[in-house]
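Trainee: I would like to go through this structure with you. Could we begin with its pockets and then turn to a helix?

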Amino acid sequence: AMGAQKIDGTAIAKSIREGLHDQIKKKQETSPRFKPALTIIQVGDRSDSSTYVRMKLKAAEEANIICELKKFPEDITEAELLEYIYTLNNNTTVHGILVQLPLPKHLSEHTVTSAVDAEKDVDGFGAINIGELAKRGGRPLFVPCTPQGVMRLLEESGVDLKGKNAVVLGRSDIVGSPVSYLLKNADATVTVCHSKTQNLEAIIKEADILVAAIGQPKFVKGEWLKPGAVVIDVGTNYIPDSSKKSGERLVGDVDYDSAVEVASLITPVPGGVGPMTVCMLLQNVVNSATRFYEQTAAR
Ligand code: NDP
């Protein structure tokens, strides 16, 4: 076998970030008032959340996006959190509001994410944006970042989706479901699989495009793939690895070594979908700021 071509998410993300930086700079030359701004809300101190938040803060800063982190103690009440979100909704200098998930159990993620004004919902998880995305001909203001990153990787790699069989593994609100809407809207024929799916291997065998987002290390084997398939691996799983200083290693939901022999295009983990997620968040913030700016400029 020739071996699949690797889709370099790190390089694609870098060029998108540089593009955003230039876009902001250029706009500020004629419109100094144009200052894209994001507020991230973190409740509690989960170390994985803190890592993601740090990545977002750093990337925003590099792109010249104002990014403020608002931290609340673990035991904040839902009413207090909602009150703060409403304040941000009414703050015209803030264009994006992101609530870092997961939230502590006593807070409803549904209630909290839906409190964010749809026009500032840069994660795209609120009911309005998800609903628009799911509707035929709907017009979401923001598309969730990881799914948008998946689509951008396909686009940048020149993958034709029209009429192709796309199989999505996973049906979460964060990845699987929105990816399936986007693929369907791009005229692929989409099959969504989950933990109750039967004959998974046979379904995967028919996939021209496979998007894996199940959180199961190296689950999909190369032998299951259709020769020439395009494989997008969203999974981020840490497995023990004594050769690493940290004692663990990051792997995807796809067994890369066997899949690379059968696929035509494949994303590595790390360096595939991961870097795209933050990048699409920044893009959403810039798009939001542009929309706010144009609305006020028109008055
Ligand atoms: P969830 O745990 O919310 O959802 C997992 C989905 O996979 C569920 O729909 C579940 O089915 C399904 N599933 C689990 N096991 C199997 C199986 N053996 N066979 C078929 N389907 C299965 O995960 P997320 O969607 O949040 O994340 C998925 C993966 O993507 C994780 O590894 C996560 O770390 C990663 N991720 C990566 C991001 C990035 O930026 N690169 C961003 C977000 C997530 P059911 O619905 O029946 O329970």
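This is a predicted model: local features need pLDDT of at least 70, side-chain atom pairs count only at pLDDT 80 or more; totals for chains, interfaces and linings use all residues.

Mentor: The lining of the largest pocket draws at least three residues from each of domain 1 (32-117) and domain 2 (145-274).

Trainee: What volume does the largest pocket have?

Mentor: Its volume is about 1500 Å³. The lining comprises 50 residues, and the closest to the centre of the pocket are Tyr52, Met55, Thr146, Thr236 and Thr277.

Trainee: Which helices and strands each supply at least two residues of that lining?

Mentor: The helices are α1 (9-30), α2 (47-62), α6 (145-156) and α10 (274-298), and the strands are β4 (96-99) and β9 (237-240).

Trainee: Where does the largest share come from?

Mentor: It comes from α2, which contributes nine residues to the lining.

Trainee: And how many of the lining residues are nonpolar, polar or charged?

Mentor: By class, 26 are nonpolar, 14 are polar and 10 are charged.

Trainee: Changing topic to α3: how many residues does it have?

Mentor: Helix α3 spans residues 78-89 and has 12 residues. From its first C-alpha to its last it reaches 16 Å, close to the 16 Å expected at 1.5 Å a residue.

Trainee: Which of its residues are buried?

Mentor: In α3, the buried residues are Leu81, Leu82, Tyr84, Ile85, Leu88 and Asn89. They lie on the same side of α3, because they cover an arc of only 160° around the axis.

Conventions
Residues are numbered from 1 along each chain as its sequence is written. Side-chain values use heavy atoms; hydrogens and water are left out. On a 1 Å grid over the protein atoms alone, a cavity is a set of points where a 1.4 Å probe fits but cannot get out, and a pocket is an open set with protein on both sides within 12 Å along at least five of seven lines; lining residues have an atom within 4 Å of a point. Grid points are joined across faces, edges and corners, and a volume is the space filled by probe spheres set on the points. Helices (H or I, at least four residues) and strands (E, at least two) are DSSP runs, numbered from the N terminus. Ala, Val, Leu, Ile, Met, Phe, Trp, Tyr, Cys and Pro count as nonpolar, Asp, Glu, Lys and Arg as charged, and the others, Gly among them, as polar. Domain bounds come from an automatic or database domain assignment. The expected span of a helix is 1.5 Å times one less than its number of residues. Buried means under 20% relative accessible area, exposed over 50%, partly exposed in between (1.4 Å probe, protein chains only). The arc is that of the directions from the helix axis to the C-beta atoms.
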